[in-house]
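Open the model in your viewer and keep the selection tool ready. The stops below can be taken in order.

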Amino acid sequence: MSPTDKRNLILAFESSCDETSVAVVEDGHRILSNIVATQIKSHQRFGGVVPEVASRHHIEEVTLCIKDALQEANVTYDDLDAVAVTYGPGLVGALLIGVTAAKTVAFAHKLPLIPVNHMAGHIYAARYVEPIEFPAMALLVSGGHTELVYMPAENEFEIIGETRDDAAGEAYDKIGRVMGVNYPAGKTVDQWAHQGHDTFHFPRAMETDDNFDFSFSGLKSAFINTTHHADQVGDTLNKHDLAASFQQAVVDVLAEKTLRALHDYPVHQLILAGGVAANLGLRERLDRDLANVAGTHLLKAPLKLCGDNAAMIGAFANVAYRHGVFADATLNADPSLEFDWIADAVK
């Protein structure tokens with residue numbers, strides 16, 4: 001790279017759960033490489049992610065991912081402006097692998113180190129579709145989180161609603177296990193839901209409560225009780241109708257709460273992000289509902305970037321870089337990291 005080249009190149013790491021990923025991102029909105037080593041097959045036989053297994057896989061894959069990411073992007077360490085890494089939330093052992101690798105690269109090549117909140121990464125994955133306009137709102141739906149996040153300006157986050165128990169993605173995996181669907185269950189349940197009808201009318205917990213919080217534990221329990229009762233009396237339930245009834249209950253609550261939040265917090269964009277943002281039922285519902293919300297545009301993270309990946313970390317890292325959010329060698333994994341993270345991360 002010539003001295004006059006103004007590109008901002010960030011090497012980004014993501015290892016919060018069961019995906020080892022390293023990416024090279026240019027100026028926060030162009031992906032030069034995004035290497036993802038998945039562990040799904042290793043965890044399927046357990047019905048979910050086993051933290052120790054995940055950590056061991058990260059150790060095996062992270063250096064290979066670094067090499068592949070640099071090679072695919074056709075850059076060297078000398079071309080980079082910074083290193084970024086997810087340091088929370090997530091599985092502590094998995095996070096530590098990424099944090100340690102990123103700190104090592106930053107130290108060895110004298111590069112700034114950028115600490116990134118995993119959830120901010122999910123939101124800023126939408127930058128690869130179009131620029132984010134503020135104020136904005138994010139409906140963040142994943143295996144571990146279901147949150148409504150208000151963003152009055154760049155690099156500012158306020159959680160105005162969150163799940164009080166199971167996250168939406170977690171509920172999908174739990175009912176999928178009952179239906180005999182391998183982990184992760186979300187895609188299969190979504191496909192079945194499009195072939196069935198809402199015949200079971202499962203509960204919509206907290207749908208009309210005067211807040212923006214969510215609860216999916218009761219829905220999960222109602223689903224499991226229905227299927228167990230059918231087994232006991234020898235009934236065979238239609239799996240497509242079961243999936244459709246479950247998904248309709250989830251989507252109804254997510255959409256209703258989001259529309260009410262948009263009424264109280266007018267924004268330019270609603271960003272749909274997180275692993276469950278790939279759910280076609282949710283995407284279709286928000287497409288219809290947002291058509292009636294004047295002045296608010298639905299911005300959906302790209303399907304291929306809804307799951308965990310380092311490109312989304314690089315997207316937000318560019319913002320953090322411009323705001324001077326850097327860390328030193330004392331950066332550690334924070335498995336319970338919240339959105340009030342910046343003050344603690346800045347050194």
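The tour goes from a helix to a threonine and then to a cavity.

This is a predicted model, in which local features need pLDDT of at least 70, side-chain atom pairs count only at pLDDT 80 or more, and totals for chains, interfaces and linings use all residues. Residues are numbered from 1 along each chain as its sequence is written, and side-chain values use heavy atoms, with hydrogens and water left out.

Select helix H5, residues 168-178; helices (H or I, at least four residues) and strands (E, at least two) are DSSP runs, numbered from the N terminus. Its buried residues are Ala-168, Gly-169, Ala-171, Tyr-172, Asp-173, Ile-175 and Gly-176, where buried means under 20% relative accessible area with a 1.4 Å probe, protein chains only. Now show what covers them, including strands E6 (136-141) and E7 (146-151) and helix H8 (239-264). After H5 comes Gly-180, with a positive phi near 80°.

Next, select Thr-146, in strand E7. Thr-146 counts as buried because its relative accessibility is 0%. A polar atom of the Thr-146 side chain lies 2.9 Å from the backbone nitrogen of Ala-168. Beyond neighbours within four places in sequence, the contacts (heavy atoms within 4.5 Å) of Thr-146 include Phe-214, Phe-216 and Leu-254.

Finally, select Phe-13, Glu-14, Ser-15, Thr-20, Ser-21, Val-22, Val-62 and Gly-98, which line the largest cavity. Strands E1 (9-14) and E2 (19-26) each give two or more residues to this lining, and E2 gives the largest share, three residues.

Conventions: 1 Å grid on protein atoms, 1.4 Å probe; cavity = no way out; pocket = protein on both sides within 12 Å on 5 of 7 lines; lining within 4 Å. Buried < 20%, exposed > 50% of the residue type's maximum accessible area, 1.4 Å probe, protein only. Polar contact = N/O pair within 3.5 Å; in protein donor to acceptor, adjacent residues only side chain to side chain.
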